[in-house]
Each structure stands twice: as C-alpha cells, then as structure tokens.
Amino acid sequence: MKLTIDGAELSARDGSSVLDAAQQNDIYIPHLCSHPELSPYGGCRLCLVEVDGMPGCPPACTTQAREGMVVHTKTDAVRSLRCEVLQLMLSEHPASCLVCPESAECASYQGTIRKVGVTTGCRYCPKDSVCELQAAAKSVGVTELTLPTSYRDLPVESGEEFYDRDYNLCIFCARCVRICQEQRQAAVLSFRQRGHLTTIGPAFEMSHRDAGCEFCGACVSVCPTGALSEKGRKWAGAAERLAPSVCMLCSQQCDIQAVVVKDHVVATLPPGDPRGTGGELCVKGRFCLADLANHPDRLRVPTVQTAEGCEEVDWDRATAAVAEKLRGIPGARIAIYASPDLLLEDLVTLRRLADNVLHTDNVTTTAIAPESGELLSRSFASPGLDALASSPCIVSLFFNGNYAYSPTTLAIKRAVNKGARYFQIGWLRDPTSRFASRRVTPKPGQEAALVRDLIKVVSGRASDSADLADIAEALRAAERTTFLLGMGVACLPEATELLAAIDKIAELKRGAVVAPHPHANLLGLVAALRPKPREDVERLVRNGKIDALWIIGESPFEKRPPVNVVIYQNTFPPPEQLAADVVLPAASWCEVTGSLAVAHGQWRLKTVQAAVRPPGLARQDWEIFAKALEAMGARDVGTPSAEELSALAKDAQRAAAALLAGHQVHGSAPAPAEEDARHVLVREVNPHRFRGLNLADYIEGMARLTPEETLLVNPQDAAELGVRDGDSLTVTAGGQSRPYPVRLDRKVAPARLYLLSSSGGDMVSPVRVGVR
Amino acid sequence: MGAENQSLQTVLGQFPAEAGSLIPILQSVQAHLGYISAQAVCEIAQALRLTESQVYGVASFYAQFRFTPPARHGICVCLGTACHVRGGERLMENLQRELGAAMGTSTSDGRFDLDRVACLGCCALSPVVKVDSDIYSSVTTMKLKGIVNGYE
C-alpha cells in the first residue's frame, strides 16, 4: 500500500493504521494511549493528523491507512491542537519536570564533592527521564503551562503488594485497563465514575488482591507515566543493560530479561520492548526474582564451625574443611540432598563428586515426595502448552493457578475465547475460573469419587448423573480433551488409580495430560543424578546409618538430624537449629551460566546466561563442587562437556521410568474424619519456593499473597466463625489439634479451609476438621 | 441476605446471560432493591461472566445507579436557574448543615437522602424543594425546618 505522509510517498503494510504507517517509515507522531499490544483506542488525542479529503483532524491511531491517502503530521493546525491537548493533560498532571526554569542549570550543579549526602535536584517522579509524557511534551514543544492547574491531590496507594499507584500522575490513557482486560484477560482494573471524578481500580473499595489481581505487572510495564511504579526499583532510574535470562521458579521456564543497574539486577521483565510488553509472566517471574538476588541476607562468604565458633574463611580453607570432615567416612554413610533448581552443569559435576570421590549413591531430592512421583513422571511426558491452547475441551483437576503458572492460565483463557469448553474441578477460584463453562467443588471427602464418576460416565459405564451431565456431554462431543492436573491430585486417596484412569480417558479421547510443577530443572536432576527415593534416604538418616549430610539448595531438615557432619550449600543461611559445620555460599538464578532441561516432551536444553556476578565470594554450584573435587584429590576437573549433557537424553527416559517404579504410590489413606465437622481442610505443599526456600520468607509481597501455614478462609465462613484477618483458629483432626493464623480469602470455596503447607511429608487427603 | 439473593436470582433469570444485558439488569436490580449492593455486583458479574470491576465500572459511570441503600425519604432541592436566583443554594447549605449530610449522600440514621435537581418545572413557585413526591413551593429557611420535621 502506498500513501503520502508529509509530502513523501511511502509504502506501508496492508491493514496498518495511519500511526503504524508513519512508524513503519520512521516518522514520529506523538502518541500516549496507542500501544503495539493493544487495540486502537483514540483516547489521548495526541496523534491528531490532517488527512486530505477528511474533515477535521482524525487521530492517526484509529484511522485506517488507505491507498493513495495524503497525510500531514506537522501542519500548524495539528501542532497547535496537540499543544492544546497536552496543556489540558498537564493542567491535572504535576509537571515541574517540564517547566522548571532552573532545569537547565540544575543538572550542572547536581554533582557535589561534599562529604555528606545532600539532595541536589528534584526527584519528583519515579519515571523521570523514562516518561513518555515528558518525551511527548518535549517533542511537541511545551515549555510553559497556559492553563490553571487543578491537581487532584489523591492519596498515593502504596499499601498493596509489589507496586505503588499514584493516580495524581495518571493521564487516563487506559493502557493499564486495556492490558488487564485485553491481554491478561483479568479485567481487575476499570474506570470508576466519570468526568473529573474518574479513578482507576477494582469495584468499590476492594483491594486488588480481593478483586483477583494476579500481580503480573503488565499494567506497570505499559504505564507511560509515573502513575504505576514497581516498589522494588522505584528510584533505580533507567536500565543500564537488559540481560536475557530464564525464570527458575517453576517448570515453565519463562524467558525473561533482567534489568541491570550498577551490576545489580533491579527488576525482571518479560522479553521484548521493556516499556512495551505485558508478557506472560506471573508475579514470581515479574516481581520476586530481583528481590531474591539482592536480598541483604544472601550468603557471601564460606563459614566453618570451629571450636572458637563460626569462622569466615576463603574457598581454599572451606573446601579443605569439607575434605577434612568427609575423610574416612565410607560412601554408604554419606547422603546428598540436591535441589531441582540447580543447572545441569551443577548436577553433572555433583554426580561426579558423588561417584568418583565420595562413592555414595545416597543422592536424593525433597522435590519428589512419595505422593507426587507419579504425577511428576506424567508431567515429564506431557506435551507443552500448545496442546492446551489448541484443545477444544479442557478439564482442570485440583489445579491452582493463583500467583503461578501464568502461561498455562493464559493458554486456557485463549482456548476458551476460541470456543473451547473448560471445566474446573477444585477447591479454589483462580484466574481461569471466570472462563469455566462450569466449576465443580467436590463435596467434602468425595473428591476421588467425583473423578471416578466422571471417568465412568465418559467411558459409558454409567448413566449421566445430573451433577456431571454437561461435563460428560462436552467430553463426548469433543474431538480431544486435555486434562490439566494440579499437584493436589497427588494427595487424593487412591491417587494412583485415579491417575491411571485419567490416562485412560485421555488416551480414549486422543487427548493429553498436562501437569506443570514448581521445579525448574527436575527432569535434569532426575537424568543427571538418578536420585534415590527420598523416603529411603530419610530412613537411613533417621536410623543413624548416615554420618555426613551435604545439602545443596534445599532445606529438608529444620533441626539437625543425628549425623556428625552437615555441609550446607545455598544462597541463604541455613536454619540455626541445623547447626551446619560448613556453610558454602552459592550463586543465585541471575548469577549462573549453564543449561536447564526443558521440563516436558523431547529432551531439549535451554541455555541460561549469567547477568551479573554473584555477591562476595559466592560461586555457582558446579564451581564449588569442582573446588571440593580438587581438595579431595581429583584431577582435571572442568565443566561438563556438551556431549556429556546430551548423553543424558537417554538417562532421562530411563530415570523417569525408574522414578515411577521407585515411588510406588499408594495414595494416603483418608484421615479419620471428625464427628459432625462442617469444614474441610485442604492442604497443598507450598509451590512458591526457590532452592528450597519459601519465597514468602524473603519477599514481603509474597508473604501477603501466599502465606505458609496460614488458613485461608472464605469471608462468609469467617463471619459465621466470628474470626477476622490475623485471628487464630484451632483445627482438630484425628485427635490432634493445632492453631493456625487466619487470612480471609474470597478465592476459597465456602466450608473449605485452605493451607499452604511447608513440607510434603505429612501430606494428607482433604479431611474434615473441627474448628474452634 | 436471603431475600436479597432471591430477588437477584429472579432478576438475573429474566435476561439472557450475555454482557449486553448488563445495563437492563442493573436497572432492574435497582428497581427491586433500591440500590446496587456489593453482593449484587458480585452475582451479576458471575452470571454474565464479567468481573466485578467491569460491572462496577459500567454502573458507576451512570448517575442513575446508587450503591448505598436508599434512605426512608428523599429530599431534592431544586438548583435550576430560577430557584438558584431565589435562594435555592442557601436552602441546600442549610439542609446540609441541619441534616449533617453532604449533597449526594444520606443521613447516618437513614432518614433522608439529600440531592439536587436541575429543574422541577414549576419555576414560578421557586425556590422549590421536593420531599418524596411532595412539592413545597416558595420555601424559606424558616419553612424548611417545619417541612423536614414532617417526615420521620
């Protein structure tokens, strides 16, 4: 398509708007509400242009470009209109950054050689120098305010998690409202009221969390002004460098980019234009990673416990101490716990250490609980998210998409928009609930029976019960059905039989089973380490058959078990009661280079590149193992070769099969129900962890979103029980009582109490409990 | 709560479950309950597969929807041109002080809603105050007290 812009004959892609056509040809038309990921809106009126043959000045973003169109973007008429529009915006938007008469000189006086810190220059807005309104005003040439100002004087909303909202700086471009609605399809934000009373936010005075906000940060990314700003990097200024990286907080391994300022990762963003993408990250990938890397409690120096106390040492002395303490202990009496968040290079080097020097095969991980082994092995075999997005029928079983697995929940939303039927069976509302054709909350204790009924109905072995009629009909009609399994399935009674039955219908329907899990490199760990079942190693430790424990990136023990030596290697200090003899500081996610095994399907590797250096003396895990190997007399210790890694492909299959055989899942027996108890306790192992550490312990926002060992209670139930946020409830089951703090949460179904538990060891099926 | 929920479900049953029904449903809910409650927003959102934010965004755009239960009586002070000239503004100020409620809100005891209106069509009788469906003409601040006391 050919058109003329400002006298030059140009070509543009078919279907472009006038604004797109200009941008394709590097002609700048100021604009604020227009955004490449959003549909045209025409709200800010800044991109007004003149078009021959069209009356008035149409906005370029909502005007379709046509063959032979003659467009003028720089006439006096549009210039003065844009100026006027900006003046109107600036009458409500504090703009001292644009019109301060001292601004030119100010910059040159900001350097100071005084010995104390002094404030020079104004820091009025976190977006200063990266603000799109500032850029537009400069390009239009606004240097003074012609209209009287009427600032709104709204209180800054800083009481919620991860980002602050200062709507005094808002220009109502609706990018946040639209990205929340169009791309993330969460629709938590909307315009409230109208005219100059307009505000942006959820219904009534509801908090964002209660309104279903996933804290994905898409609104913050696209905000052109300082109205929305990340708490974590509010005053960090513009990015110096964007380093591509990978989020290691779950099996989805999302691509991210790390925003680096002064050799620190200050934030993480989805890939693409840093100002211009909502992306698919969840709250963990968007807001937690930087805090994990920069936390003040990070381990920086190796320490050794001596008679005099804890001593900080260098690496030579640290690895010498490790060698010294392990000397003479037979391999069978050494146990190693490894994290599934380590890279393949780390894991392969660890295997060498275990095989060649320590001579132990007591290598395990806490990630594979007896209950979850089967589910995890299905996860490895599952196809990727494409299967989900293209499926005409989706059934999710006990899957919890709150604050996690964003690509999965988005794939479901997109599939439903394309006409798929979606059924959600579970205890909680999550971001996909609004898209479900129907949600089924199983009756207390009837979870397994419900799944069994569904299987019977679909395979034609029973007539449709009224409760499942529509699901059965949809399943029969659909050409394919994809089952999305949450880790909750693993803790149901008779989990093994249920999983086998689900496999059967999936096969019957030519469908697939998808089961995302919370570990970044579990398949890699299984392939590289061929771990023993966790319960076997635990039994050895308990029975005093182990003398030395080396714990890498995990925290399986809160208290020191009966062993002589504990070596602890992680990013954060060990629990005090573990009384570790040697503590080795490891590098975190953005400080490591190597590869991850893609969590599902064919054996593929995903490369991870370090963005910054680790703090202090901390080193990547394989370097630590290599140093230890040298200290224990091994020669020629290098990084594992590419061949070594690709050779793991066949091990992966074998090890995954072995994993299945090794973990005979019996499913937990239903716990004895309390007499006439009305509430059901649903317990899920906290999936929000990195290297065994609970994110909520290190990140304030996560402590509020995903508190561990806290009862989430439906507000109606809470009113009936007479408890409020922060109160305590005593839960009684099987003769045991325990008090828990209470949090009100609308996502929890009535009569359910939801609990993120710290460990998988005592996983029980949903159980009726007494409540006081 | 039970009765409210029942009439909500009745209203929702009368309209097709699609986003286009939102405004007629809001109008009907307001006609039944007198206002749009938080529970109503929640139920409407679930029925139409919208979020509460979307429902509230639409409802709060229109002046015809209210989000607090109506008081027992509604006082409307006319602030149209004629009434304004004859002292309507003073009546409004007086009422706000006497009742302790700002324009557009209700008294804390749920007795009066205080609102303004642009014209009641009887400018010759200005200033005019309307309480429920009774019209009072040529109102003065002295008369106003007596009028207000006539409603419990």
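A residue is taken as buried when its relative accessible area is under 20% and as exposed when that value is over 50%. The model described here is predicted, and the assignments below rest on its coordinates.

Helix H15 of chain A, which spans residues 469-477, has four buried residues: A:Ile471, A:Ala472, A:Ala474 and A:Leu475. These residues lie on the same side of H15(A), because the arc that they cover around the axis is only 165°. Exposed residues are found on the other side of H15(A), namely A:Glu473 and A:Ala477. The buried residues of H15(A) pack against several elements of chain A: strands S16 (393-397), S17 (421-425), S18 (438-440) and S19 (482-485), together with helix H14 (447-458).

Salt bridges were examined next. Side chains of opposite charge can pair when their charged atoms come close. Over all chains, the structure holds 35 salt bridges. In one of them, the side chains of A:Glu214 and A:Lys413 meet with an N to O distance of 3.4 Å. A:Glu214 is located in the loop between strand S7 (199-201) and helix H7 (218-222) of chain A, and A:Lys413 in helix H13 (residues 406-417) of chain A, so the pair ties together parts that are 199 residues apart in sequence. Both A:Glu214 and A:Lys413 are buried.

A second salt bridge joins the side chains of A:Arg165 and A:Glu160, at 3.2 Å from N to O. A:Arg165 and A:Glu160 are both buried. These two residues also belong to a network of salt bridges that links A:Glu157, A:Glu160 and A:Arg165.

The interface between chain A and chain B was then considered. Contact involves 21 residues of chain A and 18 residues of chain B. The two chains bury about 1,400 Å² between them, of which 51% is on carbon and sulfur atoms. On the chain A side, the residues that lose the most area to chain B are A:Arg194, A:Phe204 and A:Arg434, which together account for 43% of what that side buries.

Nine residue pairs are in polar contact across the interface of chain A and chain B, with both residues of each pair at pLDDT 80 or more. Strand S6 (residues 190-192) of chain A gives the most to the side of chain A that touches chain B, contributing three residues. By class, the residues on this side of chain A comprise 12 nonpolar, four polar and five charged. One salt bridge is found across the interface. A:Arg746 and B:Glu52 form a salt bridge in which the closest N and O atoms are 2.8 Å apart.

On the chain B side, B:Ser60 lies in helix H4 (residues 52-61) of chain B. With a relative accessible area of 8%, B:Ser60 is buried. A polar atom of the B:Ser60 side chain lies 3.4 Å from the backbone oxygen of B:Gly57.

How values were computed:
Residues numbered from 1 in each chain as written. Chains lettered and ligands numbered in written order. Predicted model: local features only at pLDDT ≥ 70, side-chain atom pairs only at ≥ 80, totals over all residues. Heavy atoms only, no water. Buried < 20%, exposed > 50% of the residue type's maximum accessible area, 1.4 Å probe, protein only. Helix = DSSP H or I, 4+ residues; strand = E, 2+ residues; numbered from the N terminus. Arc of directions from axis to C-beta. Contact = heavy atoms within 4.5 Å. Salt bridge = Lys/Arg side-chain N within 4 Å of Asp/Glu carboxyl O. Buried area = accessible area lost by both parts, 1.4 Å probe. Polar contact = N/O pair within 3.5 Å; in protein donor to acceptor, adjacent residues only side chain to side chain. Nonpolar A, V, L, I, M, F, W, Y, C, P; charged D, E, K, R; others polar.
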